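Here are my notes on the model, point by point. Please read them beside the structure.

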Amino acid sequence: MIDNAVRGRFNAWFLAALDGYMHWKYSDIKQRLLERAPQVVVELGPGSGANLRYLSRGTRLIAIEPNRHMHPILRRRAKECGIELDLRGLAGEKLDLPSASVDFVFSALVLCSVEEPERVIAEVRRVLRPGGRFACVEHVAAPAGSSTHGIQRLIRRQWKWVFEGCDLCRDTASTLRSSGFAQVEVQSIVMPTILVPIRHQIAALCVN
Ligand SMILES: C[S@@+](CC[C@H](N)C(=O)[O-])C[C@H]1O[C@@H](n2cnc3c(N)ncnc32)[C@H](O)[C@@H]1O
């Protein structure tokens, strides 16, 4: 569970500090994934609320955020963006939502950090209605043999410690494809970014 007093605070500060940069880098991808978001959205790991700006004002956001140090800034952000926030200090591995109760779940840079991605995705499928959608943008392992893959392997342990579980070497596309969704579309992206270890990304849209 994410509850480290120092790293939890550091990560809340770090995300808020990078907000403008991440918006510059990710706005096209996130706008596309969120353009048809319904009135009720579940977001896994919303952090400091970087993605609230892409939702329509009046959206009800069920926010699954285990790092309580993110909560004050997330609340402030929701107010600024006109989002009705339903904040739950839980991990995505066990959602307190009824089965087949929502139409849309979103995550950005979260499946790298959860302890058990397969369990989180199974929970997403459980709470989605048939035909409901899960959209995500996630950083993934670079191709084996590439220099970025070498960097990812070299700093993997330290990165995971600092960023509270964030694993640079996950193959999230395969995890999504084998998770039982009726449809999975994955776009691979190599993003020019100063954050070299996370330049390999996927944007995925899955239908339950
Ligand atoms: C890199 S941050 C991304 C934050 C935000 N989604 C964004 O786009 O800026 C990862 C987030 O995932 C959250 N997280 C980590 N483990 C989680 C879990 N098991 N369930 C839900 N969220 C989790 C962290 O607390 C953090 O807010």
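1. Is Thr59 buried or exposed? Thr59 is buried, because its relative accessible area is 4% (buried is under 20%, exposed over 50%, partly exposed in between; 1.4 Å probe, protein chains only).

2. A word on the basis. This is a predicted model, where local features need pLDDT of at least 70, side-chain atom pairs count only at pLDDT 80 or more, and totals for chains, interfaces and linings use all residues. Residues are numbered from 1 along each chain as its sequence is written, and side-chain values use heavy atoms, with hydrogens and water left out.

3. Thr59 sits in the loop between β1 (40–44) and β2 (60–64) (strands are DSSP runs of E, at least two residues; helices are runs of H or I, at least four; both are numbered from the N terminus). Leaving aside neighbours within four places in sequence, Thr59 contacts Pro38, Gln39, Val41, Gly82, Ile83 and Glu84 (heavy atoms within 4.5 Å).

4. The aromatic pairs number 8 (ring centres of Phe, Tyr and Trp, the last by its six-membered ring, within 6.5 Å; planes under 30 degrees apart are stacked, over 60 edge-to-face, the rest tilted). Phe10 and Phe163 have ring centres 6.4 Å apart and planes at 40°, so this pair is tilted. Phe10 lies in helix α1 (residues 5–17) and Phe163 in the loop between α5 (147–162) and α6 (172–177), so the pair ties together parts 153 residues apart in sequence. Ring pairs also link Phe10, Trp13, Phe14, Trp159 and Phe163 into a cluster.

5. Both Tyr21 and Trp24 lie in helix α2 (residues 19–34). Tyr21 is buried at 18% relative accessibility. Trp24 is exposed at 62%.
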